[in-house]
Amino acid sequence: MKPTLLKHGALAAVVASFFSFSATAHSSEEAQVELVGKIKGTQITGVTVSDKGRVFVSAPNWRDGVPFSVALVSDNGDFTAYPNSETNACVAQSKVRKDCFLAVQSVVAHKDKLYVVDTRNPKFQGVIDAPRVFVVDLATNKVESALILSEEAYHPDSYINDLRLDEKMNRIYMTDSAHAGLVVYNLEDDSSYRILDNHETTKAEVDALSIQGKPFKMTVQSDGLALDTLNDTLYFHALSGYSLYAINTADINKASSDVLARKVRKVATTGAPDGMIYHQGNVYLADLEKQEVQYLTPSLDLRTLVKGDVVNWADTFSIYNGSLYYTNSKIQDAGSDVSNMTFEVYKTALPAR
């Protein structure tokens, strides 16, 4: 994730024992990569694929004139505002309306719903309205509700980033990439709260990254998120850091950070990621500095799935029908004007089991 880029220092301004293993790196033959769609002049960050194969993307409100917050990508690669133009009308003018997307960071399709994470923090100038998750019915293509975060769930400089839905616990988990911490939304009573707020496990570990030798001088806190629904484990990772952490979902509660941290374990040392997802035993995650898509196996082998020119800041992951989809948000190259830049959605086959 990242803004206009406003200025390289801007995001930093707004924005129990551990079991520690070091992942062993392995190379693998580069996977076949297929272009799903590309768009010129609109920086896209999020991507998700529904159970019926519909591909959705999100564009953040990081600069003036963004044409949509959420779009449906057609089979021929066209991008159409979703669910309609009216719901996307607020982003271009940063207009605050309760029924309109304002500053969307990510989208997640789950069964027959699309969950749209609205930071309500346009251009990283601070939260101007309570962050929320819009829920869109994929059958009717209409917004059916908005899950609004309570005041104890966010800070004035929060930038709610990624989302995972936990059916067993009936909760939603989110990361805050500007003010370190995780957010829990309880779907049973619509309450919400923060965990591991400003804790070392959710905070950035370094001040800058080196992406193929190019300095990236922005500090990004808790960002990547992955949920293992078989073993009821939530994985999380700061973007500006190299430690992958996990906590059992049954251990998540309103306890203080120090108490809850005793339940957190360090899983592995990895590259600095943005995109992250769990699937069938593997944790898939980007390595921004190497410009790769990697996966961590259950035996803690870190393997390369995709590398090369087709990976340029792998921002968000989704999995559908044996393929991993990802966006190239090109954050390290994007400035205040992206009108001549192209941003892609790719898919690649998952590794053989």
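Predicted model: local features only at pLDDT ≥ 70, side-chain atom pairs only at ≥ 80, totals over all residues.

Residues are numbered from 1 along each chain as its sequence is written, and side-chain values use heavy atoms, without hydrogens and water.

**Fold and dimensions**
- The protein chain has three helices and 27 strands (DSSP runs: H or I of at least four residues, E of at least two).
- A compact globule of 353 residues would have a radius of gyration near 20 Å, and the 18 Å of the protein chain agrees with this (C-alpha atoms; rule of 2.2 Å times the number of residues to the power 0.38).
- The C-alpha trace spans about 50 × 45 × 40 Å along its principal axes.

**Burial**
- Of the 353 residues, 61% count as buried (under 20% relative accessible area, 1.4 Å probe, protein chains only).

**Largest pocket**
- The largest pocket holds about 770 Å³ of space (an open set on a 1 Å grid, 1.4 Å probe, with protein on both sides within 12 Å along at least five of seven lines; lining residues have an atom within 4 Å of a point).
- Its lining comprises 30 residues, of which A109, H110, T229, I277 and Y278 lie nearest the centre.
- Elements giving two or more residues to this lining include strand 7 (104–110) and strand 21 (276–279).
- Strand 25 gives the most to the lining, with five residues.

Note on methods. Buried < 20%, exposed > 50% of the residue type's maximum accessible area, 1.4 Å probe, protein only. Points joined across faces, edges and corners; volume = space filled by probe spheres on them.
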